[in-house]
Amino acid sequence: MSAVDDITPGALAPPASRAVPRLLIGLALVLTAFVVVVPMLYIFHRALSAGWGVFAQNILEPGTLHAIWLTALVALVTVPLNVGFGIAAAWALARFEFPGRKALLVLIEIPFSISPIIAGICYLLLYGRTGLLGPWLSGMDVKILFAIPGIVLVTMFVTSPFVVREVLPLMQAQGSEQEQAAVTLGATGWQVFRRVTLPNIRWALLYGAVLCGARAVGEFGGVSVVSGSIRGQTMTLPLQIELLFNDLNIVGAFAAASTLTMLALVVLVLKAVMEARR
Amino acid sequence: MTSGVAASSTPVRAKRVLPGFGLTMGITLSYVGIVVLLPVVALVLKGAEIGPERFWAIITAPRTLAALQLTLTAAAMATVFNAVYGLLMAWVLVRYDFPGKRILDALMDIPFALPTAVAGLALSALFAANGWYGAVLEPRGIHVVYTIWGVAFAMAFTSIPFVVRTVQPILEDLDPQYEQAAITLGAHPFTIFRRVVFPAILPAFMVGVTLSFARSLGEFGAVVFIAGNLPMKTEIASLLAVIRLEEYDYNGAAAIALTLLLIALVLLAVSNLLQARALRYKGRGA
């Protein structure tokens with residue numbers, strides 16, 4: 001081992017002294033334990049601090065159950081729409097040259113740079129009573145703010161780059177020779193997509209969808225502005241956590257949080273599996 | 001991240017052969033237009049409606065200034081932590097082998113995977129007087145909850161992956177021959193890091209630092225739990241914007257939001273510039 005280390009850059013310390021690597025590894029482990037691992041363990045510790053019975057009671061509490069249902073609904077609407085958008089945008093951007101292409105790329109990435117809370121404020125200013133579209137929509141009796149459509153729209157804003165960002169680089173790297181060959185052989189556009197493109201991009205697509213779903217479930221800032229936080233109606237799970245926290249039901253808040261933490265851990269495992277397959 | 005590869009690879013011929021341009025372009029533009037562009041335009045229009053004088057008055061009001069100052073200072077503190085911690089983690093994960101390395105690597109993604117409200121709840125309870133950390137720190141007079149330290153810690157937690165994940169691949173690709181040459185010439189390990197390794201990873205490191213700072217500025221969920229949100233003291237700018245909304249002071253909310261949006265866009269431009277430079281640097285090296 002040490003003979004190899006002599007020439008690899010890893011062995012910056014002279015072979016006699018392995019003190020520096022040990023110190024750095026130790027520091028990395030201790031810091032990560034304090035900053036990342038303990039907070040996560042603490043969530044489960046507090047959620048179960050009053051026993052499994054209370055934990056189950058907290059999860060099955062009507063407000064929390066409703067929040068779980070609403071959060072799942074928002075994710076189930078957002079993810080398919082985002083997958084559709086991701087495929088369309090990746091196809092247009094990877095397979096064609098057109099004026100304004102660079103600008104469109106920047107525009108697609110913009111939600112990553114905008115704080116979700118600002119996105120929420122944008123939506124309130126657009127659909128609010130005095131907003132750009134507010135009066136027109138309320139004239140038609142369409143309710144967007146403080147209702148499920150608003151929550152879905154803000155979640156779509158926040159998650160919109162996720163699928164494109166995974167699929168586009170892959171499609172660019174793969175090139176379009178196979179697709180062109182298929183077209184030359186008489187395949188229709190739909191056939192080309194389903195038989196040639198989709199099998200090539202399916203893992204990246206799934207990966208993007210998983211990330212998008214995880215983000216949709218966890219969105220807090222943007223949703224908190226447009227949801228109106230109506231108890232039992234427009235509370236998503238992250239909002240419910242804040243509500244329970246403010247109600248000083250800390251164990252209940254941690255019980256709700258532990259479900260999201262479990263989901264985050266599942267996402268990390270899926271991510272590892274999919275990265276290995278791509 | 002995509003823009004670097006973007007321009008070159010598409011053959012012009014594809015335009016004529018492949019179908020679906022109209023359909024996919026239509027879907028893309030409608031989605032981006034309705035979901036992203038329209039709301040942002042609403043904010044910009046609202047901001048323009050206020051007029052420069054009132055805008056300035058809102059931004060320079062003591063409470064707004066205090067909020068902006070807290071946000072920027074705490075974000076800077078968080079970024080300094082992440083710059084050091086991120087560099088350490090990238091170095092340790094790329095250069096050393098030790099048991100549990102893959103788990104440590106996977107742990108770096110937790111702050112992105114964990115919803116920010118969950119992180120905020122966990123951190124605020126940990127640092128509270130009866131929490132695991134607070135029980136140790138509070139008796140010694142170190143207060144984290146309801147102080148700028150708590151705000152900075154929450155921001156740091158949620159932006160941990162940026163520096164690690166931007167530096168890591170560059171460090172992996174680094175050609176070892178220059179370091180080997182430096183070792184042969186008898187350079188001190190720290191000199192080698194400072195003179196050989198660090199200049200090579202600097203562009204990526206700066207991109208990571210910029211992204212980390214931008215994310216910290218925009219962080220909301222994790223911060224509101226731990227900050228206590230006392231006006232003039234621990235109230236971040238985005239929360240003040242929300243408070244203005246709740247008071248039906250739409251001008252105030254729009255002015256603050258627009259200021260934050262401008263800062264975010266400037267940071268985005270800086271990170272794109274740095275990224276372009278990093279790619280050029282890489283291209284020259286290869």
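I looked at helix 2 of chain A and found a kink of about 45 degrees, centred on A:Ala33. The bend at a residue is the angle between axes fitted to the seven residues ending there and the seven starting there. Helices are DSSP runs of H or I, at least four residues, numbered from the N terminus; strands are E runs of at least two.

**Sources.** I am working on a predicted model: local features need pLDDT of at least 70, side-chain atom pairs count only at pLDDT 80 or more, and totals for chains, interfaces and linings use all residues. Residues are numbered from 1 along each chain as its sequence is written, with chains lettered from A and ligands numbered from 1 in the order written.

**Span of helix 2.** I checked the length next. The 29 residues of helix 2 of chain A should span 42 Å at 1.5 Å a residue, and the end C-alpha atoms are 40 Å apart, which agrees. The expected span is 1.5 Å times one less than the number of residues.

**Buried side of helix 2.** I listed its buried residues; among them are A:Pro21, A:Ile25, A:Ala28, A:Thr32, A:Val36 and A:Arg46. Buried means 20 or more other C-beta atoms within 10 Å of the residue's own; exposed means 12 or fewer, partly exposed in between, with C-beta atoms placed from the backbone. An α-helix has 3.6 residues a turn, so residues three or four places apart point the same way. In chain A, the buried residues of helix 2 pack against helix 3 (51-59) and helix 14 (250-277). In chain B, their partners are helix 5 (62-95), helix 6 (101-107), helix 7 (110-113) and helix 8 (116-127).

**Contact between chains.** I counted 87 residues from chain A and 83 residues from chain B. Two residues are in contact if their C-beta atoms, placed from the backbone, lie within 7 Å. Helix 2 (residues 19-47) gives the most to the chain A side, with 17 residues.

**Core.** Which residues touch the most other members of the largest nonpolar core? They are A:Ile121, B:Leu121 and B:Ala257, in a core of 164 residues. Such a core is a set of buried Ala, Val, Leu, Ile, Met, Phe, Trp, Tyr and Cys residues joined through C-beta atoms within 7 Å. Helix 4 (residues 62-95) of chain A gives the most to this core, with 14 residues. Beyond four places in sequence, A:Ile121 touches A:Val225, B:Leu43, B:Ala241, B:Leu245, B:Ala253 and B:Ala257.

**Chain A overall.** I found 14 helices and zero strands. Of its 278 residues, 46% count as buried. The C-alpha atoms fill a box of roughly 80 × 65 × 35 Å along the principal axes.
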